[in-house]
Amino acid sequence: MSADNELSAKLQRRLNINEGEDEPPSPHKSTVFNPYTEFKEFSRKQIKDYEKMFKTYDVNNDKLIDIQELKLMMEKLEAPQTHLGLKAMIKEVDEDNDGAISLREFLLIFRKAAAGELHEDSGLGKLAELAEIDVDKEGVKGARDFFSAKIEEQSKGAKFEAEIKAEQEEKKREAEERKLRRQAFKEKQAAFMSA
């Protein structure tokens, strides 16, 4: 949907609401959402992991991932999207039409990915693919390669720290050698002066 069409649709909806032809959007429903009963295909650990990821990117803690937070998430996953691409991603799972992704809608992304309902080249397909590694699909070797790459990426930071530590140790050793040379020089100087 182009930006012009989207704007005209919103304005038409607002006009219909004002004329009493349409119902205004209701505030969030007070129904209790239990991910463990609704998403039985996921283990408790998987749901906890998805919940943790959701909370990581819900920067303002409003229990919704808005377009800016989704943009941040996709950039961190190294799959940046255009503004229209982000809007399309939200629209694909936004069941309550609030323009943001709730935890339930976030879990729907992974349900759709597991069911093969997402195109791999779509934003949500990339999100689901980058957010998890499926050992059944990738096999043990693929999972090993994935985790090896992650470990290598983390070890780059550790390698940098090790280089800094080695540099500091080298400086300490050089300072100690200078101190010993200076002390030996003073001893020779004292012996020369007393002779």
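Visitor: What makes α3 and α6 contact partners, and which residues meet?
Guide: In this predicted model, Y50, E51, M53 and F54 of α3 meet L103, F106, L107 and F110 of α6, where contact means heavy atoms within 4.5 Å. By class, this contact has seven nonpolar, no polar and one charged residues. Residues are numbered from 1 along each chain as its sequence is written, local features need pLDDT of at least 70, and side-chain atom pairs count only at pLDDT 80 or more. Totals for chains, interfaces and linings use all residues, while side-chain values use heavy atoms, with hydrogens and water left out.

Visitor: Why are α3 and α6 called oblique to each other?
Guide: Their packing angle is about 120°, with the axes 10 Å apart. Angles under 35 degrees count as roughly parallel, over 145 as roughly antiparallel, 65 to 115 as roughly perpendicular and the rest as oblique, and α3 and α6 are therefore oblique.

Visitor: Why is S102 called buried?
Guide: S102, in strand β2, has a relative accessible area of 16%, and buried means under 20%, exposed over 50% and partly exposed in between (1.4 Å probe, protein chains only), so S102 is buried. Leaving aside neighbours within four places in sequence, S102 is in contact with F54, K63 and L64.

Visitor: How do you know that the buried residues of α5 line one face?
Guide: The buried residues of α5 are G85, L86, M89, I90 and V93. Seen down the axis of α5, they fall within an arc of 140°, so they line one face of the helix, the arc being that of the directions from the helix axis to the C-beta atoms. On the other side of α5, L84 and K91 are exposed.

Methods. Axes fitted to C-alpha atoms, helices over the stretch in contact; angles between N-to-C directions. Helix = DSSP H or I, 4+ residues; strand = E, 2+ residues; numbered from the N terminus. Nonpolar A, V, L, I, M, F, W, Y, C, P; charged D, E, K, R; others polar.
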